[in-house]
Amino acid sequence: MTYLILGIDAATWDVVKPNLEELPYFNKLIDICEIKNLEISEAPLSPLIWTGMFSGTYYEEHNHKEFVEDNEIVSRDDLDFSFIWDELDEKMDVRALNVPFIVPTYSYNVDYEPVGFGLPTDEEEWKEELEKISDKTKEILKEEPDLVISVFTLLDRVQHFHWGEDKVLEWYKKLDKKLGELLFDSGFLEKKENKLIIVSDHGFCGFDEAEVQTLPKEGSERELKGDHSREAILLTKNINGEIENPQDIYKVIKKEIN
Ligand SMILES: [Zn+2]
């Protein structure tokens, strides 16, 4: 049995649901998974939410919300708490790939060099990340570890710069194709005992509609068109336990896999 958590930073139902005809694998996943709007009650900041999801704690406890604090890049060593991979590693084969709670993004028991420091910014880097994460995840899944956490970050950047443009759907379609390769063509979903969670850390909306501006409008290298909303996506297959907030993902994994 492999327990796979596929993170898609910033994926939103607002793009997926109206475009299912052009997103055949999302469409299939919606058929076979339980789906949900995951309402984010904490500030929808990527480092804060991914940290909560994989440490099981809230901001008051983990105190980590930004990639950069006081002009210093926060590193893993600055964070004085454990993540699920630290806790399960002794008992089982655990891998984490490209988790964006820090930059460069974090990997555990996986040899991986993040694209663009984990913040890919242009078409070339988005394509490279898409290919590299898919290939690496496929390679890892072949070894059938107990727990695999793998995160795509590109949609966050695509949407910051192109929200409202056709380009956004274009990148969802490219990602959709990779979901097909990873989950269907690989045979992963054919194994009935395998468990799957697909989740985002927040959704997206127009820059001026956003409650929090996560990137400064002034001084950005390009015009910002979108920012984070509180509506994240959640799809689960073969998972027992209720997921109401990101911290529940930690709890559900621990309960099911221990
Ligand atoms: Zn994010």
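**Legends to the close-up views**

**View A. Helix α2 (residues 24–32) packs on helix α8 at about 50°, with 7 Å between the two axes.** This is a predicted model, in which local features need pLDDT of at least 70 and side-chain atom pairs count only at pLDDT 80 or more, while totals for chains, interfaces and linings use all residues. Residues are numbered from 1 along each chain as its sequence is written. Helices (H or I, at least four residues) and strands (E, at least two) are DSSP runs, numbered from the N terminus. Axes are lines fitted to C-alpha atoms, for helices over the stretch in contact, and angles run from 0 to 180 degrees between N-to-C directions. Angles under 35 degrees count as roughly parallel, over 145 as roughly antiparallel, 65 to 115 as roughly perpendicular, and the rest as oblique. The pair α2 and α8 is therefore oblique. On the α2 side you will find P24, Y25, F26 and L29, which meet D176, L179, G180 and F184 of α8; contact here asks for C-beta atoms, placed from the backbone, within 7 Å. Sorted by class, this contact has six nonpolar, one polar and one charged residues, where Ala, Val, Leu, Ile, Met, Phe, Trp, Tyr, Cys and Pro count as nonpolar, Asp, Glu, Lys and Arg as charged, and the others, Gly among them, as polar.

**View B. E170 sits in helix α8, which spans residues 166–185.** The scale calls a residue buried if 20 or more other C-beta atoms lie within 10 Å of its own, exposed if 12 or fewer, and partly exposed in between, with C-beta atoms placed from the backbone. E139 is 31 residues away from E170 along the chain, and their C-alpha atoms are separated by 26 Å.

**View C. L155 and V199 touch the most other members of the largest nonpolar core, which has 63 residues.** The largest share of this core, seven residues, comes from α8. Such a core is a set of buried Ala, Val, Leu, Ile, Met, Phe, Trp, Tyr and Cys residues joined through C-beta atoms within 7 Å. Look around V199: beyond its neighbours within four places in sequence, it is in contact with I5, G7, L38, A232, I233, L234 and I249.

**View D. Seven strands form an open sheet with mixed pairing, in the order β2-β11-β8-β1-β7-β5-β6.** At the edges stand β2 (34–39) and β6 (106–108), each with a single partner strand, so one side of each has no neighbour in the sheet. From one strand to the next, the twist averages 15°. Two strands pair if DSSP finds at least two bridges between them.

**View E. Strand β5 (residues 94–99) pairs in the parallel sense with β7 (residues 147–152) over four bridges.** V94 stands opposite L147 of β7, and I149 of β7 is the bridge partner of A96. A hairpin of six residues connects β5 to β6. Six of the six residues of β5 are buried, so the strand is largely enclosed by the rest of the structure.

**View F. Helix α3 (residues 46–55) is largely enclosed by the rest of the structure, because 10 of its 10 residues are buried.** Among these buried residues are W50, M53 and F54. What do they pack against? The buried residues of α3 pack against α4 (59–62), α5 (84–88), β5, β7, α7 (154–162) and α9 (246–257). G56 follows α3 and has a positive phi, near 75°.

**View G. A cis peptide bond joins V103 and P104, with omega about -15°.** P104 belongs to the loop between β5 and β6. Further along, F117 lies in the loop between β6 and α6 (123–142), and its phi is near 70°, a positive value in a residue other than glycine. With 13 C-beta neighbours inside 10 Å, F117 is partly exposed.

**View H. N71 lies in the loop between β3 (68–69) and β4 (72–73).** Phi of N71 is positive, near 65°, in a residue other than glycine.

Conventions: Two residues are in contact if their C-beta atoms, placed from the backbone, lie within 7 Å.
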